[in-house]
Amino acid sequence: MNFELVSSYQPTGDQPQAIKLLTKNLEIGAKHQTLLGVTGSGKTFTVSNVIANLQRPALIVSPNKTLAAQLYQEFREFFPKNGVHYFVSYYDYYQPEAYIPQTDTYIEKDAKINDVLDRLRHEAVQDVLSRRDVIVVASISCLYSIGSPEEYRRVSLDLKEGQKITRKELLSVLTQLQYQRNDTDLKPGTFRARGEIIDLCLVTGKEILRLEMTGSSIARITKNDGTALSSCTIYPGKFWVTEEERLRVAMTNIRTELQDRLRALTEQRKFLEAERLEERTNYDLEMIAESGYCHGIENYSRHLEFRKQGDPPFTLLDYFPKDLLVFLDESHLVLPQLQAMSVQDRMRKESLVEHGFRLPSAIDNRPLTKEEFFARAPQITYVSATPGAFEKQVSGPFVAEQLIRPTLLLEPEIEIRPTKNQLRDLLEEIQGLVKKKQRALVITITKRLAEDIADYLARAQVSCQWLHSEIKTLDRPRLLEDFRKGTYDVLVGVNLLREGLDLPEVALVAILDADKEGFLRNETTLVQTMGRAARHQEGRAILYADTITDSMRRALQEVSRRRNIQEIYNKKHGGVPTAIIKEIRAWELGIKEKAALTEFESLQDVRVLEQEMKQAASNLDFERAAEIRGLIKKVKSDINGVYGKHDIGPKGIPAKRQKKKNESGKKSQS
């Protein structure tokens, strides 16, 4: 399919010229270009038009998961008929493996994987491999290794109706693809085998396939909605799945590297390190030989992918076609992340290797460096209200400015107040806002201080909530949704409330300790933070500070410059600023998955459902049993609605109707 942009409004203000210029630059082959767009100028809409004009797949890289979630929702609205995906780190909690030599402290990798995020990652990758009309909104984690795309394709299983394959062979292949057998709880990444019927819940969670076997062939393939399929492709249940023959070669290479490393450690008289490395590596090899997988298998990715030492890893970029469009949203934040993460990762891995916790090849399980990213991304568009010196330098003449808002709203009015009694003053301001049903953002220095201020406001009967990195990924967008609805009048945070968030109800941004010069209070940060109030007609920003720092002065000058440009435009065109009216989007992700019940939703056979309910109860899975019981009640209710209230017979047919059916059968026989 082609990209089809769906929108109720047309480009206005600076948008038409920005769209035209960005499209032209990409068509003539510009490697780097920049979109400098003020807050509220519709940068996402501009980017959407560029994608629709060029009809090329796109990767949007965002600096954090919260902003990525917002962009994901916006692009889904603009492209409802195309593949729009959310690709972020799948950890709710992540503590990387590390060793601190100074205190002889080994920190084992500890992580809690979010199954929904894992499912969305697989869904994104599979769509990228199978279609061109794809937009993936990702965090910087998309530049970490996820395995070879060629291997991912090669190990996938193509099935067709009538295909010759025995039941035993099929189950074996599914296991090699890292699908787990689970006859009681069918969820994404598992399968169930009962007699000649195999039910498979795809790792994406989108569909459940039923494979009906006859002898040594596949007789029928159906989806959970009853749709018959002539063929289907089953992709691996995990990344880093390798064919059996190649896996044996990779294991041989791992053993060879292990022997070389043990020899080197022994020569250095590091006997403890050598013993530790040998024990850990052999245990991992046993697990891989047994199941094709092990905890921390990514540390052997260089061998599994047959890469040379020092070669860059395979990332999401490698799954896209060569004409990929890359957009770095809030590029002034993404670029420093890109620079820092590869350096930090290498320092941590080198310590593990030196002290015998990992083989040297583990260093090649890493994110892309800045240089490698630029080499692999065909064309990059930097999108920011405050692009840095690097973006301006590499873009050269290819810069599009978008300083005029379609709404004609001005930059917020700014006021500087002393820090003495700042909380009391802030409380009075907020109480005035609440009466007018407006919202406020309070930006502070630390997470602990954000929580304390939220408690202070709550004690004063203000409906508020703190928001920082300790709130789970999928809960943050829902919290912002509640904020827009009015469940909370105030959000208190550190830096998640800064770049890009689209909150039209915010009339006040209060920045505490604005004169604390540093990363959280530099010129870029201040401009971005104050911009959160630029979507409201009465938007204001209050900076609590006792002195005016250089960063504050430059930020105030830039805001004043942009406000002046908008005022001149408004006077010239006789426009009247109007508030942004934006629908509150319901956040769909993170809602409790019901994949285990999906397979039964089309069933009307009460007897089958009752058997499943009893099976779940015997397995002590009472929550599942209760859910199936609720579904049984719904099925009975639906049947009663058609046939009236009767006892339900064994085949889901009312007993009286079943009796009449049997009697009519006897009469016909006589």
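Two strands count as paired if DSSP finds at least two bridges between them. The model I worked from is predicted.

**Entry 1, a strand pair.** With that definition in hand I looked up strand 9 (residues 157-160) and strand 16, and found that 4 bridges join them and that they run antiparallel. Which residue of strand 16 is the bridge partner of Leu159? I noted Cys232. I then checked the two faces of strand 16 (residues 231-234): Cys232 and Ile234 make up the covered face, while Ser231 and Thr233 make up the uncovered one. I set the general rule beside this: in a regular strand, side chains alternate between the two faces of the sheet.

I noted 21 helices and 25 strands in the protein chain. The chain has 670 residues, of which 53% count as buried. I looked up contacts between residues at least 6 apart in sequence, and 75% of these join residues at least 24 apart.

I found 51 residues in the largest nonpolar core, where Leu59, Val136 and Phe373 have the most contacts inside it. Helix 7 (residues 244-267) gives the largest share of this core, 7 residues. Apart from this core lies another, of 37 residues, including Leu22, Val84, Ala400 and Leu474. I went back to Val136 and listed what it touches beyond four places in sequence; among them are Leu59, His85, Phe87, Leu316 and Phe320.

Helix 4 (residues 115-130) has 16 residues and spans 23 Å from first C-alpha to last, close to the 22 Å expected at 1.5 Å a residue. Is helix 4 largely enclosed or largely open? I counted it as largely enclosed by the rest of the structure, because 14 of its 16 residues are buried. At its N-terminal end I found Asn114 as the cap, with a side-chain oxygen 2.9 Å from the backbone nitrogen of Val116.

I located Pro412 in the loop between strand 19 (399-402) and strand 20 (413-417).

Methods. Residues numbered from 1 in each chain as written. Predicted model: local features only at pLDDT ≥ 70, side-chain atom pairs only at ≥ 80, totals over all residues. Heavy atoms only, no water. Buried < 20%, exposed > 50% of the residue type's maximum accessible area, 1.4 Å probe, protein only. Contact = heavy atoms within 4.5 Å. Core = buried A, V, L, I, M, F, W, Y, C linked by side-chain atoms within 4.5 Å. Expected span 1.5 Å × (residues − 1). Polar contact = N/O pair within 3.5 Å; in protein donor to acceptor, adjacent residues only side chain to side chain.
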